[in-house]
Amino acid sequence: MRRMLVLSLALMALLGFVAPPDVFAQAAAPTPKATITGFIDNVGTFTQNMSTSDLNLNRNKDQQTYGRTRGRFDIVGEVGQAKAVFGFEIDAYWGQTGFIDSNNGPGCVTSGQNSAVTCGAVGTGSESSFDLNTDTQGNFQIKWVYVEFPLPLVPIPIIARLGAQPFATAASYKLATYAAGDFPGVNLYATISPTFKAQFTYVMVDENVLGKGAFGPVIAGTGTVQNKCITSTGNSFGGVSTAPGLTVNCTPQSRGDNWAIIASPEITVMKGLDIKPMISTFQATGLTSGAARQGRGGVSVLAGGPFAPINAPNASSACVVVGGVCTNGGGGVAGADGAGTGVHEKRHTVGIDARWRSGPWSVDPSFYYQFGEQAKWNPGGIASAYGTAGTRQSADISAWLGDVRTSYQLGPLLLSHMVMFTTGQDAKSNPYKSIKYYQPLDTDTGYQADWGTQIMSLGVDYYQIIGSQTNTNPGVAIGWDKYGRVSTGVKASYAWTPSLTVGAGITPNWTWNKVDTDAFAVTGGGLQPSFVCRKTGQSCRPQGESNFLGTEFNLALTYRFAPGLVFDWAAGYLMADSAFSHRFVGSDYNAGAGAPVGKDIGVQPVAITTARVRFSF
C-alpha cells in the first residue's frame, strides 16, 4: 500500500512538470468595459389653453410657443456579468425664462451687483433655461445609480439590482398601470424555468433616518423636541408669546419609513400568451410622495393637511386665495405635532397583466383591484361637513382599474383599439370614510403615454398634459380627481415606407361618476366639492352635474431620416366638455370671492402641436 502511494505521488509530480503551465492557472479575470448610451431631444411646441398656469379651461387666453432640449445619458460599466449604471438628464428651455437661468440651488442666488437676490423661473417640466453663452448652472438630474449582478450560491439564476433604478417590468408589461419611472431599493429577477420567471421588488419611498429627532423642523422660535411642533422654552412670533408646549408656527421635516413591495411572476402559458399576476403592498405614515398619493376631492396631501396636521383647529375655514387657488393647506387639529404621528395608510393592490400574440392580432388586458384603509385627521373648516373637526377618521379603500388594448396588423396598416376604466365616487361622498378611486404607486406621469394622445396623456412633448397643476393630471392619477375615468379610443397608423409612418386617432373620455362643476381647486388637494349652491347661495350638498370630459383628436408622423435620427410631429385637439368645469376662484360661493362669475361656467377647446428631432446613440 505504501509503495502504491509513493508511485502515485511520483506520477502526479511528473505530470506537473510535463503539463502546460496554464492547466492549473485560474481563469483570467474578465476585461472591464464601459459604454455610453442615451439620446438628445430638440423640441418645438405650441399650445393653446393647456391651462398649466391659469388652471381654467374657460379662459382660453394662455398660449405657449417654445423650444427646448433634453439630454439623457447612461454610463454603463461592465465586468463579466456584473454592471453598474449611472444615468443623468439635462432639461432646458431655449432662452432665459427668469431672472437667472436655473431654478436650482434652491432657485435664488445672491448676485455680485448690490448683493441683490435673484430667482430663476422655468416652464413646465424643466429645471433651467439656456441663456446667451449657455453657461447654465445646477441643472443636473441624477436618474439612475445602480449595480446589477447574478446572486452567488443560489440554486436558480437570480439577477439582483441595487440602488436608484427603473421599475421596468417589476409590476406589469403595460406602461404605468401601477409602477413606472424610477425608485430606490432592490429588485430580484429569478429565472426558474424558460416559461416561469419571478420578480420581487422592494421600494423605499420615504426614510425616517433617526426618527423624529433626525432633522429640526422649520419653526418660528427656538427649542424643539424630537422634530415635533413642541417648544421646550416657549417662543414669540409676530408679537404673540407661546408658552412651552405645542406651537402653530412649525412644520416638521420628518417622514415615516414608508415603503412598498411588489411580487410578480411571469408565466408563459403557451406560445404567444404571457401572463403577469401582481401583488403589492404600500404602507405610509404621515406625509409621503406625491407620486404615491395625490390630493383628490379637496383633501390636501401637503404639510399641515389631514395627513400631518398642525396645532390650529379649523384653520381651513379662512381660505386664502392665491392665483385663483385656495392655499390653506387643509387646517389643523388641536394637539397635533405636525409630523403625521399615528396617521397610517395600508394599501394593497392585486391584479393581472397579460399579452397575447397570434399572427396579425395582439391583445393586452390588465385588471387590478385595490383595497386597504387610509387614516387622516379631519382639520375642520369645510371638512367639518365630513365629520367632527379634530378627530381622526379612517377611510376604507376599494377601487378597480381595467385597461384593454387590441391591435390588428394588415400589411403596412396597424389598427388599434383601447378601452379603460377606473372607478370613482360621487360628489357628495365622504373622502374621510370611503375611497373608491384607484391610486397607482408611481406612474411618472406615464399612463397612456404609449397610446398617442397629446393632451390627456404625455405625448411627443412630454412636458405637456392637462390638469398638471390641480392634481387631476390623468397621467399621474389615471382617474380624474376622485371621480374615476372611462376612456375608449381607436387609432390607425400606416407605414408608407420603412422610414415614414403616419397615424391618426380619436379618444373620447368620461368620468366614472358625475363631476361637481361648482368645485374649486385646492393646492395639493385637487377639486373640493362645493357646499354652497350656485343658484341660491345657500348651503347644500354637493352634487355631480356632468361626466363627459370631451374627445381628443390626434395626428402623428414619424420619419427616420438617418441612422440614429428620428423626426416626430404630432398634433392634438381636445373638444373639452363640461366635466372639466370648476370654479375659477378658490372658495365656495359667497365665501371670499362672493357671487358666481362667468369664468366659473363652461370650458374652451385645448390644442397642441409639437415637432421633435431625437438623436439616439
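**View 1. Surroundings of Gln393 in a predicted model.** The backbone oxygen of Tyr386 lies 3.2 Å from a polar atom of the Gln393 side chain. The side chain of Gln393 also makes a polar contact with that of Asn378, at 3.1 Å; a polar contact is a pair of N or O atoms within 3.5 Å, where within protein one must be able to donate a hydrogen and the other to accept it, and residues adjacent in sequence count only if both atoms are side-chain atoms. The model is predicted, with local features needing pLDDT of at least 70 and side-chain atom pairs counting only at pLDDT 80 or more, while totals for chains, interfaces and linings use all residues. Residues are numbered from 1 along each chain as its sequence is written, and side-chain values use heavy atoms, with hydrogens and water left out. Gln393 lies in strand E24 (strands, E, of at least two residues and helices, H or I, of at least four are DSSP runs numbered from the N terminus). Gln393 is buried, with a relative accessible area of 6%; buried means under 20%, exposed over 50% and partly exposed in between, for a 1.4 Å probe and protein chains only. Leaving aside neighbours within four places in sequence, Gln393 is in contact (heavy atoms within 4.5 Å) with residues including Gln374, Lys376, Gly387, Asn430 and Tyr432.

**View 2. Gln370 in strand E23.** Strand E23 spans residues 361-377 and contains Gln370. Gln370 is buried, its relative accessible area being 0%. A polar atom of the Gln370 side chain lies 2.7 Å from the backbone oxygen of Gln439. Tyr438 is 68 residues from Gln370 in sequence, yet their C-alpha atoms are 6.8 Å apart. Beyond four places in sequence, the contacts of Gln370 include Tyr178, Arg347, His348, Ile397 and Tyr437.

**View 3. The largest nonpolar core.** This core has 25 residues, of which Phe167, Tyr178, Ala179, Ile262, Leu401, Tyr438 and Leu441 touch the most other members. A nonpolar core is a set of buried Ala, Val, Leu, Ile, Met, Phe, Trp, Tyr and Cys residues joined through side-chain atoms within 4.5 Å. Two or more residues each come from strands E17 (259-270), E18 (273-285), E24 (392-410) and E25 (413-422). E18 gives the largest share, 3 residues. Apart from this core lies another, of 20 residues, including Ile455, Leu549, Ala576 and Val603.

**View 4. The second largest pocket.** The space in this pocket is about 710 Å³. On a 1 Å grid over the protein atoms alone, a pocket is an open set of points with protein on both sides within 12 Å along at least five of seven lines, a cavity is a set where a 1.4 Å probe fits but cannot get out, and lining residues have an atom within 4 Å of a point. Points are joined across faces, edges and corners, and a volume is the space filled by probe spheres set on them. Among the 33 lining residues, Asp450, Trp451, Gly452, Lys491 and Ala556 are the closest to the pocket centre. E28 gives the most to the lining, with 6 residues. The lining divides into 13 nonpolar, 15 polar and 5 charged residues; Ala, Val, Leu, Ile, Met, Phe, Trp, Tyr, Cys and Pro count as nonpolar, Asp, Glu, Lys and Arg as charged, and the others, Gly among them, as polar.
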